[in-house]
Amino acid sequence: MKKASNPLISVIVPVYNVEKYLSRCLDSIISQTYKNLEIIVVDDGSTDDSGKLCDRYAEKDERIKVFHKKNGGLSDARNYGIERAHGEYISFIDSDDWVETKYIKVLYEGLRDSSCDISMVKHFIDYPNKTIDTGTGNKIKLTPHDCLDKMLYQEDIDVSAWAKLYSKNLFKNISFPKGCLFEDSATTYKLIDKSNAIYLNSMPLYHYVIRKESITNKAFSRKDFDIIKSTSEMAEYVVDKYPDLVAGCNRRLMYAHLSAFRKYAISKNRKDFSEEGAELFDYIRKNRKKVLKDKRIPNRDRWALRLAFSNRSLLLGTLVYEKTRIVL
């Protein structure tokens with residue numbers, strides 16, 4: 001059955017100290033060609049003028065509903081927005097990102113025409129001085145099994161909550177884990193598996209912004225191990241239900257460790273966490289050969305694993321990769 005024409009769609013925008021970027025984000029949402037929107041802006045205890053800016057936008061567009069709350073983190077802000085959403089469908093946009101004008105229209109038409117519970121598009125990665133287009137041109141309807149399979153290898157599908165449109169009923173008994181970094185890794189796979197089907201249109205319509213201040217002055221902490229915890233839970237869930245996806249889960253677990261190691265490698269406080277760095281490298285070293293046998297792993301992973309014959313070589317290789325990846 002085809003979906004109803006032009007239903008209300010709730011766009012949830014968590015906001016925390018993004019005064020410099022917020023106008024661009026909200027302007028891109030109120031300019032959507034799909035007009036029947038409920039724009040839920042959750043000011044998560046901002047200490048700059050973000051909250052006041054949200055209120056000014058609500059005064060000029062009645063579709064914007066602003067909620068001010070005590071700071072609880074991104075997951076808490078998203079959950080807060082979901083609880084107050086009246087739309088039949090939900091999309092998330094981070095407040096320092098922005099979207100093309102047909103973002104919601106393309107997402108909804110994909111979901112409607114394919115009779116799916118989730119619709120996905122691709123994104124641009126906006127670095128300070130360059131933009132990368134991740135689109136591939138693929139258009140495909142996927143079962144939860146096949147969507148998870150592609151997600152484990154990052155083949156057109158990623159774990160991000162944004163660049164997607166969800167049937168609201170998927171969030172019954174599923175929420176973002178409060179206090180956890182990498183909350184998308186702990187949640188998106190559950191929503192995918194709960195859906196009847198997923199539609200992917202690999203057109204880039206979401207702008208994921210890498211801020212200069214988010215690249216420099218990064219500090220490492222044990223919280224960066226959250227990606228490993230959430231990925232381990234995901235792998236256990238997926239292998240239990242879909243045993244044939246074990247190789248993909250091994251790859252995703254390796255990616256989580258490589259990601260945490262990268263954060264460790266580029267952090268200015270790296271010397272304070274030598275034990276954690278050694279712990280991460282020990283996993284990578286012990287499991288690298290098994291994962292390298294998998295022909296589907298991305299070239300980036302393969303490059304890193306070939307360097308992982310010693311802690312120092314992987315560390316230096318990561319630093320070189322980071323400098324060439326981001327030209328400031």
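Which strand gives the most to the lining of the largest cavity? Strand S6 (residues 118-126) does, with four residues. Strands here are DSSP runs of E of at least two residues, and helices are runs of H or I of at least four, numbered from the N terminus. The model is predicted: local features need pLDDT of at least 70, side-chain atom pairs count only at pLDDT 80 or more, and totals for chains, interfaces and linings use all residues. Residues are numbered from 1 along each chain as its sequence is written, and side-chain values use heavy atoms, without hydrogens and water.

Helix H5 (residues 144-152) is mostly covered, with seven of its nine residues buried. Buried means under 20% relative accessible area, exposed over 50%, and partly exposed in between (1.4 Å probe, protein chains only). Among the buried residues of H5 are Pro-144, Cys-147 and Leu-148. Just after H5, Gln-154 takes a positive phi of about 55°.

Aromatic pairs number 15. Rings of Phe, Tyr and Trp (its six-membered ring) pair if their centres lie within 6.5 Å; planes under 30 degrees apart count as stacked, over 60 as edge-to-face and the rest as tilted. Tyr-166 and Phe-171 have ring centres 5.4 Å apart and planes at 75°, so this pair is edge-to-face. Tyr-166 is buried at 1% relative accessibility. Phe-171 is also buried, at 8%. Tyr-189 and Tyr-237 form an edge-to-face pair, 5.3 Å centre to centre, with 65° between the planes. Tyr-189 lies in helix H6 and Tyr-237 in helix H8, so the pair ties together parts that are 48 residues apart in sequence. Tyr-189 is buried at 3%, whereas Tyr-237 is partly exposed at 31%.
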